[in-house]
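Here is my note on this model, point by point. Please keep the structure open while you read.

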Amino acid sequence: MNWDETGPDTDERPDERLVQADADGEDTAVEAALRPKDLDEFVGQEKVREQLDLVLKAARARGATADHVLLSGAPGLGKTTLSMIIAAEMGAPIRITSGPAIQHAGDLAAILSSLQEGEVLFLDEIHRMSRPAEEMLYMAMEDFRVDVIVGKGPGATAIPLELPPFTLVGATTRAGLLPPPLRDRFGFTGHMEFYAPAELERVVHRSARLLDVEIDVEGAAEIAGRSRGTPRIANRLLRRVRDYAQVKADGRIDRPVAAAALGVYEVDARGLDRLDRAVLGALLKLFGGGPVGLSTLAVAVGEERETVEEVAEPFLVREGLLARTPRGRVATPAAWAHLGLVPPQQGGKGQQGLFGA
Ligand SMILES: Nc1ncnc2c1ncn2[C@@H]1O[C@H](COP(=O)(O)OP(=O)(O)OP(=O)(O)O)[C@@H](O)[C@H]1O
C-alpha cells in the first residue's frame, strides 16, 4: 500500500493508517500505559463486563480457576486488555501468545506444560492456529491433559502429560471461523461491540489524564466522533492531536484544535481517511454511485482489490455509506451527502453536481 507516502509524518510506520484498528506499528509502551487495569476502569461493553464480573466472582468464591473465556470482536476493542484484567482480578499471572505463533502441536505443548496453576493463557487470533495444535488444545481445555507424541511412524508413542488447571482466554475477530468443538469448550463467550461516541469520550478523557494533556469536553467529543467506534484509534488520534496542540496551540485541546489537527491528518468528521474518501469519491464521481465492480473501483483509485475490499470497505459498509450488492458496489444516499455531492436524477443521464464539491 503506498497511498500515504506523501502523508504527514507520524510515529506510525509509513504504510500504516492513522485510523486502522489493528496494532501494527503501534507504540506498545504507550498502549500498555493506557490500558485499564481493572473492570471498573474498563469503559463500556456493559454486558460483557457484567457477565465476566459474575464468572470471575463465582470462581473466586469457589477458590477455583475461572472457566475458559472466548472474546470475539473487531481489532482494537479491548480483548487483550480484558484478558489482562481477568488475570489481575483472579490474582493470576498471564502468558500471552497468538494462533499464528503456534504452528506445531509441540509449540503448544511447551507452553501448556510450563503454565502455573491458575495461570491465564491469552491466545490472540485463536482462529489462526494450526489444526494439530487446535486438536491438542481441545483435550487441554477439557481434561487439563495433553498427549505428547514421541517418535515417528509405527514406533510413535503418546505420553500423557497432566497440566495444572489454567484459564484459556481466546480472542478472535472471526468467531464464525472457529470449529464448533473449540467454541463449545469455552465456558463463557463475550462479544465485544463497537463503542458509542459517549463511551469513546470517556476513553479519551481517561487517556488524556494519563498522558497529562488538558482537554475539554468538546475537544474529546471531536476526537471520539472520528475514532470509528474503536478505543485504539481514539488513543492514537488523541496522541496526534496532542502533538498539534503543543506545536500550534498552547498545549490545550478544544474542539477547534482537535478538528484542525485531524484535518492535517486527513481524518474527517466521520472518521474517514484519505483512502476511504478516495474509494467513495471514485464511486460517486466516476461511476455515478454504481453499481460498479470491485476490480474497476480498485483500478480507479490505484489500489489493489484486497486493499479496497479489506481495508476501506468494511468501515464504509458499517457506516452505511456503501453497499455490496450482487451487481457491484453501490453508494447510499448518505455517501452523496457526506461528500457534499448531489446524486444524479433517477432515470436521467444526470451528472449534474457530481463534481460540485
Ligand atoms: N474499554 C476500554 N476502556 C479504555 N481503554 C480501552 C478499552 N478497550 C481498549 N482500550 C484501549 O485501546 C487499546 C487497544 O486495546 P487492546 O489491545 O486490548 O485491543 P484488542 O481488542 O486486543 O486489539 P487486537 O485484537 O488488535 O490486539 C489499548 O491501549 C487500551 O488501553
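1. Some ground rules come first. Helices (H or I, at least four residues) and strands (E, at least two) are DSSP runs, and they are numbered from the N terminus. Residue numbers start at 1 in each chain and follow the sequence as written. The model is predicted: local features need pLDDT of at least 70, side-chain atom pairs count only at pLDDT 80 or more, and totals for chains, interfaces and linings use all residues.

2. Next, the overall layout. The protein chain holds 14 helices and 9 strands. Its C-alpha atoms fill a box of roughly 75 × 50 × 35 Å along the principal axes. The domain assignment gives domain 1 (45-191), domain 2 (197-264) and domain 3 (274-338). Such bounds come from an automatic or database domain assignment. The C-alpha centres of domain 1 and domain 3 are 38 Å apart.

3. Burial needs a cut-off. A residue is buried if 20 or more other C-beta atoms lie within 10 Å of its own, exposed if 12 or fewer, and partly exposed in between; the C-beta atoms are placed from the backbone. Of the 357 residues in the protein chain, 35% are buried.

4. Contacts need one too. Two residues are in contact if their C-beta atoms, placed from the backbone, lie within 7 Å. Take the contacts in the protein chain between residues at least 6 apart in sequence: 66% of them join residues at least 24 apart.

5. What surrounds the ligand? A shell of 23 residues does, and the closest are P75, G78, T80, T81 and P231. Here a residue is near a molecule or strand if its C-beta atom, placed from the backbone, lies within 6 Å of it. The elements that give two or more residues to this shell are α1 (28-34), α3 (79-90) and α9 (231-248). The shell divides into 10 nonpolar, 7 polar and 6 charged residues. Ala, Val, Leu, Ile, Met, Phe, Trp, Tyr, Cys and Pro count as nonpolar; Asp, Glu, Lys and Arg count as charged; the others, Gly among them, count as polar.

6. Why does the ligand lie between domain 1 and domain 2? Domain 1 (45-191) and domain 2 (197-264) both give residues to the shell around the ligand, so the ligand lies between them.

7. Look at T80. The UniProt annotation "binding site" (unreviewed entry) covers T80. UniProt positions are given in the numbering used here, feature names are shortened, and annotations may be inferred rather than shown by experiment. T80 lies in helix α3. T80 is buried, because 22 other C-beta atoms lie within 10 Å. Leaving out residues up to four places away in sequence, T80 touches F122, D124 and A171.

8. In β6, 6 of the 6 residues are buried. T167, V169 and A171 sit on one side, and L168, G170 and T172 on the other. Two strands pair if DSSP finds at least two bridges between them. Strand β1 (residues 69-72) runs parallel to β6, joined by 4 bridges. There V69 has V169 as its bridge partner. Strand β3 (residues 120-124) also pairs with β6 in the parallel sense, over 4 bridges. In that pair, V120 stands opposite T167.

9. Compare an antiparallel pair. Strands β4 (residues 145-150) and β5 (residues 157-162) run antiparallel, with 6 bridges. They form a hairpin with 6 residues between them. G151 in the turn has a positive phi of about 85°.

10. Check E125. E125 is in the loop between β3 and α5 (131-143). E125 counts as partly exposed, because it has 19 C-beta neighbours inside 10 Å. Beyond four places in sequence, its contacts are S98, G99, P100, A171 and T172.

11. R324 is in strand β8 (residues 322-325), and R329 is in strand β9 (residues 328-331). Buried or partly exposed? R324 is partly exposed, with 14 C-beta neighbours inside 10 Å. R329 is buried, with 26. R324 and R329 are in contact.
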